[in-house]
Amino acid sequence: MEQTANRIGIYVFSGTGNTLKCAKALETALTEQGVPVRLHEIADGSETVTERDLVLCYPVYGFNMPRILKTFCRNLAIGGNVWFLKTSGEPLHLNDNSSAQMIRILKKKGYRIKGEFHYIMPYNMVFRHTDELASLMWQTAKERIPDAAKKIAAGEETPVVAPLSAKFVSALYRIEHWFYPRNGRLFRVDPKKCVHCQKCVKNCPTKNITYADGKFRFGKHCIGCVRCSFRCPTGAIHIGLIDFMRVNGPYDFTRDPASAVPGRFLKASYERYFADRRD
Ligand SMILES: Cc1cc2nc3c(=O)[nH]c(=O)nc-3n(C[C@H](O)[C@H](O)[C@H](O)COP(=O)(O)O)c2cc1C
Ligand code: SF4
Ligand code: SF4
């Protein structure tokens, strides 16, 4: 097996691309710092990991991590250093406990938790941010990620702490891990809108969508990543009980960030985040 003791492995799960963008920026920044690094995408959580030191990257789902990250952590064998990079749509401390379940698993395996980096990226669920705000989020993340790379390169350790409110809310929302596979069975394709491109079938990370005899079938392995509905070119996929929160189609991250104006929703929190302080 290839010797990778000194290389850092960046392992990414990203439903709709935000976290992958940030992870790639971290890979570039670490390389510029002279740190040997390789980025791998997590497909189903059973990936073979050869590096001792890891950066685990994920989007926050219901104030927790996606279930697939838990599977990934359970399958890890050897203990080294671990950092987390996470993205979320809200700049709130209520998201601060999202790594807790992974931290418990990793500590038992002898991993040392070195820190967590949190970037706000546009919602792929709940409602659509403007492209200008999405561009400002991306610009802000790109400006801050080199600082994370410096801390990783220096082996700096920052405790991952969460207020009681975040612990309470994340414990409450763990029910979403139970909800997504059940809600996934309620997904439907609008035959009037579908152009049969098969993107949804090919891209589902859990291979939960099948197409036969002109019909789509949604199985019981949905993790709620919304990749299928977000990337559907015609917005043909209804996502069950949470369809009222569906966001369809990629953001244009090339708009002028200077013209971004946070909406009324959590306005002060977004402004504080962009000014380098959070709620
Ligand atoms: C099922 C689901 C639950 C989410 N829950 C939260 C949440 O609790 N807090 C938050 O700030 N954002 C939440 N989001 C928004 C995502 O974390 C955010 O858009 C993220 O950047 C998406 O990353 P990705 O493109 O890598 O999948 C949620 C998104 C989805 C699909
Ligand atoms: S991605 Fe949308 S248009 Fe393409 S096959 Fe799936 S539902 Fe139909
Ligand atoms: S069915 Fe859609 S939301 Fe569910 S895991 Fe697959 S791509 Fe993600």
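Trainee: Which residues come nearest to ligand 3?
Mentor: This is a predicted model, and in it 15 residues sit around ligand 3, with C204, C222, C225, R227 and C228 nearest.

Trainee: What makes up the shell around ligand 3, by class?
Mentor: Ten nonpolar, four polar and one charged. Cysteine counts as nonpolar here, so C204, C222, C225 and C228, all among the nearest residues, go into the nonpolar class.

Trainee: How many residues surround ligand 1, and which are the closest?
Mentor: Ligand 1 has 22 around it, and G15, N18, T19, P59 and S88 are the closest. By class, the shell has eight nonpolar, 13 polar and one charged. Helix α1 (18–32) and strand β4 (81–88) each supply at least two of its residues.

Trainee: Take S88, then: what makes it buried?
Mentor: The cut-off is 20 or more other C-beta atoms within 10 Å. S88 has 21, so S88 is buried. Its place is in strand β4.

Trainee: Why is A100 called partly exposed?
Mentor: Buried starts at 20 and exposed means 12 or fewer, with partly exposed in between. A100 has 18 other C-beta atoms within 10 Å, so it falls in that middle class. A100 lies in helix α3 (residues 100–108). A100 and A171 are 71 residues apart in sequence, and their C-alpha atoms are 9.7 Å apart in space.

Trainee: Where does E47 lie, and what class does it fall in?
Mentor: E47 is in the loop between β2 and β3. It has 16 C-beta neighbours inside 10 Å, so it counts as partly exposed. From E47 to S259 it is 42 Å, C-alpha to C-alpha, and 212 residues in sequence.

Trainee: Why does Q198 count as exposed?
Mentor: Exposed means 12 or fewer. Q198 has 12 C-beta neighbours inside 10 Å, so it counts as exposed. You'll find Q198 in the loop between β6 (188–189) and α7 (199–203).

Trainee: And what is there to say about the phi of Q198?
Mentor: Q198 has a positive phi of about 70°, although it is not a glycine. Most residues other than glycine have a negative phi. D213 is another non-glycine with a positive value, near 50°. D213 lies in the loop between β7 (209–212) and β8 (215–218), and with 5 other C-beta atoms within 10 Å it is exposed.

Trainee: How do you know that β1 is mostly covered?
Mentor: Strand β1 covers residues 8–12, and four of its five residues are buried.

Trainee: What makes β1 and β2 a pair?
Mentor: Two strands pair if there are at least two bridges between them. Five bridges join β1 to β2 (residues 37–41), so they pair, and they run parallel. V12, for one, has E41 as its bridge partner in β2. The chain goes from β1 through α1 to β2, and this β-α-β crossover is right-handed.

Trainee: Which residues have the most contacts inside the largest nonpolar core?
Mentor: L26, V55, L56 and C57, in a core of 75 residues. Helix α4 (residues 131–154) gives the most to this core, with ten residues.

How values were computed
Residues numbered from 1 in each chain as written. Chains lettered and ligands numbered in written order. Predicted model: local features only at pLDDT ≥ 70, side-chain atom pairs only at ≥ 80, totals over all residues. Near = placed C-beta within 6 Å. Right-handed = clockwise from strand over helix to strand, strands pointing away. Core = buried A, V, L, I, M, F, W, Y, C linked by C-beta atoms within 7 Å.
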